[in-house]
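Biologist: Please take me through this model one region at a time, and give the cut-off behind each term as you use it.

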Amino acid sequence: MNPRRLPPSDRRDAGQKRVVAIAAAVMVAFLVIVGQLWYLQVLEGGRFLDASDKNRTRVRPIAAPRGILFDRHGAPLVDNRPAFTLSLIPRELDRDVERRNAALGRVASLLQISYEELVEAADKVSPDSLSPVRVRRGLTLEDVAKVEEWKLELPGVIVEVEPQRAYPTRRFAAHLLGYVREANDDQLKQGRYRRGDMVGQSGLERLLDEYLRGRDGGEQIEVDALGRPIRTIKQTEPQPGAQVYTTLDRRIQEAAERALEGHAGAVVVMDPRSGDVLAMVSAPAFEVDRFTSTIDRAAWLKVVQDPAHPLLNRVIQSQYAPGSVFKIVVAAAGLQEGTLTPMDRTHCNGEFHLGAWTFKDWKEGGHGGVDLRRAIVQSCNIFFYQAGLRVGGSTIARYANQFGFGAATGVDLPGEKLGLIPHPKIRQGKKAATWHAGETVNMSIGQGQVLVTPMQVARFMSAVANGGVLWKPRLVQRVERLERGVVWSDPGKVNGHVELSPLVWAFLRQSLWSVVNEGGTGAAARIPGLDIAGKTGTAQTIANSRADKGQDHAWFAAFAPLNDPEVVVIVLAEGGGKGGQVAAPIARKILQSIFMEKVAAIEILG
Amino acid sequence: MMIDRRLLQNVDWSLLAGATVLAGLSATTLACLHPGRAGSAVALRQVAWFGIGLVALAVVASIDYQKLVRVAPILYVLAVLAVASVFVVGRSVSGARRWIGVGPFSVQPSELFKLAFILTVVWFLTSRWAQPVTSGTVAWLFPLAALPAGLIVKQPDLGTALLIFPVLIVLLVGAGIGARLLSAMGAVALAAAPVAWLALKDYQRERILVYLDPFRDPLGSAYNVIQAKIAIGSGQLLGKGVAGATQSRLAFLPERHTDFIFAVFAEMWGFVGCLVLLAAYALVLLRGFDIAASAREPVGRLVALGATTLIASQVLVNVGMVTGLLPVVGIPLPLMSYGGSSMVVSLMALGLLLSVRMRQFQ
């Protein structure tokens with residue numbers, strides 16, 4: 001305290017004035033409230049009394065449609081159609097629990113649904129809540145008529161029209177698009193969703209859920225004594241979700257799904273110039289629309305426990321031995337490092353001996369005299385056994401890593417597997433496990449411990465086609481909101497470079513062209529006039545099994561056209577047998593429909 | 001505890017009378033909400049809380065407020081720790097963690113924090129009373145308010161957190177802040193708003209927009225406001241009485257025991273009843289301001305001013321919200337809304353006022 005500045009009495013006066021000013025301000029605020037009360041109770045009182053006498057205001061939600069996913073040309077991949085949903089409005093349900101349960105019992109018997117489920121749903125929410133609890137989706141018109149008929153006895157039970165996902169075919173691009181389902185308990189705990197909200201659970205629906213979901217609107221309506229709406233008091237329009245433009249090409253996706261029909265496996269079609277994924281198929285697929293409406297437990301378990309694993313996205317979540325496709329990596333490593341030359345020749349008699357071990361060629365009796373190019377074209381194992389030993393296991397592993405194997409592609413989907421490239425150097429560091437030359441031999445034909453995903457192969461083949469650029473596979477071009485324009489976009493991203501001499505690139509591409517066009521193992525993919533280049537692979541799942549047993553996975557990795565490649569097509573058929581016999585014809589079908597116009601023109605012109 | 005007889009002579013009986021009238025109105029309103037025994041049970045519990053609150057009031061009044069202000073920083077630290085402890089040991093009621101269990105009771109630490117906050121700000125402002133309030137003073141006070149406000153927002157309890165600021169500003173005014181500095185603070189707040197806005201996430205912005213414009217969320221607060229307006233308006237001049245108050249009794253009103261109890265009262269007793277209720281509040285508040293104005297020294301003045309402002313801002317924000325003048329934020333109506341923490345803390349604030357009054361003539 002400092003009495004020197006101001007005499008105490010003056011100071012008190014200044015302070016008093018401030019207190020009086022604050023008190024005056026508070027009293028003015030009281031007067032404003034009295035004024036508002038006068039307005040509400042005296043001036044408008046009659047109107048409000050009227051409103052309270054027949055307080056039959058009801059609140060009805062208007063569900064927002066989920067955003068639509070388009071392909072690269074603007075064709076819809078998924079759409080919405082109106083569907084009927086049975087909902088409870090907690091605040092309008094009878095307060096008396098017994099009478100409420102009687103009403104719910106009536107609903108259960110009318111619609112043949114579980115009474116316990118209804119009671120549980122009603123018990124889980126606050127009885128003051130106005131947000132609808134969506135208890136049953138996908139009602140038939142008959143169901144709707146039944147509920148409407150009993151409407152008066154069923155306060156708080158309503159039928160909503162809710163836009164629901166509609167798919168062009170039941171399994172179309174199932175793994176990429178993903179499915180939409182009611183928020184589960186874990187998601188509810190995060191506090192972002194309300195019970196009964198539809199949430200993207202896999203694929204792009206999950207990745208972009210924040211954008212795809214709109215905001216529900218609602219309306220307050222006045223109803224008469226019989227519950228019939230008289231007028232709308234207030235309405236808020238729902239805001240639809242954002243529109244997503246994917247990189248997919250619907251025509252190619254359809255063709256790829258058709259081509260793979262009857263096989264378990266995967267197809268990736270990629271644009272090597274940008275990393276755009278034009279098609280992505282994993283088979284068997286699940287029926288996307290099965291999950292949209294309330295799915296019963298048994299049906300769900302059937303899908304989850306299916307031994308064919310339809311929920312698995314084989315493109316990124318399954319790992320396979322690359323088989324002979326991997327020979328491209330061995331050839332690239334050897335040529336670049338100088339340990340291999342195009343002039344290297346060997347005589348293939350079908351067997352290769354290393355110590356006590358014998359490694360066989362896939363062709364009994366062997367290929368005779370082969371050089372590097374013939375070895376690629378004929379997919380001669382014996383040549384690559386020797387080549388692999390000359391190049392060395394660690395060099396092969398290093399090049400494989402450069403080509404993106406053993407690392408995530410970074411694709412915007414959850415649960416991507418990394419694959420595996422065994423490293424001799426790392427292994428030598430440990431005492432217990434040492435690297436055997438036999439492992440290098442196995443590795444040089446893409447067997448042994450080498451594991452890759454189809455998406456990694458697509459990225460690798462794109463790099464071969466475009467001269468070494470490793471693109472991050474792109475699935476989504478942009479997300480647009482109706483009024484706000486682009487709210488999210490992916491400009492594309494390069495996540496690696498492979499530096500090889502131009503001569504090596506040219507040799508590799510030329511050899512791959514010969515695989516298809518000069519009587520190689522990929523001849524079944526040949527389309528005259530279209531310079532397709534590719535490599536077959538047969539991944540053995542049981543050591544030394546015979547291909548015709550149907551145990552082996554068939555690979556075909558292709559790009560076309562040879563000069564200025566536009567697409568890369570990767571086919572994997574599980575248990576399909578030989579790559580050249582099974583996978584190559586599938587790739588041919590896909591390439592044929594991609595280049596339909598070109599192929600037709602060639603046929604007409606001869 | 002020894003209480004000087006001279007102190008007892010100076011008890012402000014009209015202040016206590018006003019508070020008792022309000023608590024009585026609260027108990028009757030609660031009893032009328034439910035027919036029969038359920039109603040009287042709720043009312044009795046409210047009366048019991050009032051009794052406990054009166055004891056707390058007597059305890060606070062018997063302590064010299066100067067001593068309380070001297071230990072204010074310790075109270076502040078304890079209160080902030082209690083608020084933070086809600087996240088560790090808190091009880092969750094409909095998604096908000098605001099309560100901690102103490103024996104059979106649930107205590108809301110953010111309520112107690114308000115009192116500690118007032119005392120701390122007074123301690124701070126009076127410790128440099130001789131100097132004029134400068135921007136440096138404000139800069140020191142800001143984190144003192146912002147840290148607990150952030151914690152309380154996280155609970156989430158936006159209403160209580162926002163209450164901190166009118167109390168802070170009134171105390172600054174009472175301490176003699178210059179008009180220029182006050183308007184500069186307003187300008188800074190306005191300038192900071194867009195920056196804070198941009199830092200928020202989409203869904204957080206959405207929540208704020210709903211606060212500002214309840215009609216954005218037609219299934220939520222907009223409905224409550226309309227129903228509250230119907231309840232208040234339909235009370236007309238003289239009210240519908242207990243039996244006729246259909247809005248309240250038929251459960252159209254949300255939160256009718258707590259935040260929206262004013263609407264229930266207004267429906268039952270009409271404009272005239274509301275005038276009586278507001279007059280009781282005005283009496284309490286004017287007594288509080290009188291105590292502040294006639295205080296002998298700055299500490300007492302600011303304590304009284306802070307306690308009065310705490311009650312005043314809660315009354316104004318709550319009634320303003322229920323009558324549709326302000327956006328919906330959850331704040332109880334002091335002495336009226338059902339709930340122990342709010343009742344006890346409101347009475348403790350009145351205890352501070354009495355403490356200042358009783359020592360005024362020493």
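**Two crossing helices**

Biologist: At roughly what angle do the axes of helix α14 (residues 327–337) of chain A and helix α17 (residues 393–402) of chain A cross?
Modeller: Helices here are DSSP runs of H or I of at least four residues, strands are runs of E of at least two, and both are numbered from the N terminus. The axes are lines fitted to C-alpha atoms, for helices over the stretch in contact, with angles running from 0 to 180 degrees between N-to-C directions. On that basis the axes of α14(A) and α17(A) come within 9 Å of one another and cross at roughly 110°.

Biologist: What pLDDT do local features need in this predicted model?
Modeller: Residues are numbered from 1 along each chain as its sequence is written, while chains are lettered from A and ligands numbered from 1 in the order in which they are written. Because this is a predicted model, totals for chains, interfaces and linings use all residues, side-chain atom pairs count only at pLDDT 80 or more, and local features need pLDDT of at least 70.

Biologist: How many nonpolar residues does the contact of α14(A) with α17(A) have?
Modeller: Two residues are in contact if their C-beta atoms, placed from the backbone, lie within 7 Å, and by this rule A:V329, A:V330, A:A332, A:A333 and A:E337 in α14(A) meet A:T395, A:I396, A:Y399 and A:A400 in α17(A). Ala, Val, Leu, Ile, Met, Phe, Trp, Tyr, Cys and Pro count as nonpolar, Asp, Glu, Lys and Arg as charged, and the others, Gly among them, as polar. The contact then has 1 charged and 1 polar residue, and its nonpolar residues number 7.

**Burial in two other helices**

Biologist: How many of the 11 residues of helix α16 (residues 381–391) of chain A are buried?
Modeller: A residue is buried if 20 or more other C-beta atoms lie within 10 Å of its own, exposed if 12 or fewer, and partly exposed in between, the C-beta atoms being placed from the backbone. Among the buried residues of α16(A) are A:F383, A:F384 and A:Y385. The helix is largely enclosed by the rest of the structure, because the number of its 11 residues that are buried is 8.

Biologist: Within what arc do the buried residues of α3(A) fall?
Modeller: In α3(A), the buried residues are A:R100, A:A103, A:L104 and A:V107. The arc is taken from the directions that run from the helix axis to the C-beta atoms. Seen down the axis of α3(A), the buried residues line one face of the helix, because they fall within an arc of 95°.

Biologist: Which elements of chain A do the buried residues of α3(A) pack against?
Modeller: The face of α3(A) turned away from the buried side carries the exposed residues A:E98, A:R99, A:A102 and A:S109. On the buried side, the packing partners in chain A are α4 (115–123) and β5 (157–166).

**Backbone details**

Biologist: What is the phi of A:S379, which is not a glycine?
Modeller: A:S379 lies in the loop between α15 (372–378) and α16 of chain A. With 29 C-beta neighbours inside 10 Å, A:S379 counts as buried. Its phi is positive, at about 55°.

Biologist: What is the phi of B:Q236?
Modeller: B:Q236 is found in the loop between α11 (221–234) and α12 (241–244) of chain B. B:Q236 is buried, with 21 other C-beta atoms within 10 Å. Although B:Q236 is a residue other than glycine, its phi is positive, near 50°.

Biologist: What is omega for the cis peptide bond that joins A:A560 and A:P561?
Modeller: A:P561 sits in the loop between β22 (553–560) and β23 (567–574) of chain A. For the cis bond joining A:A560 to A:P561, omega is about -15°.

Biologist: Which residues does A:R231 touch, not counting those up to four places away in sequence?
Modeller: A:R231 lies in strand β9 (residues 229–236) of chain A and is exposed, with 8 other C-beta atoms within 10 Å. The C-alpha atoms of A:R231 and A:I221, 10 residues apart along the chain, are separated by 5.7 Å. Leaving out residues up to four places away in sequence, A:R231 touches A:I221 and A:E222.
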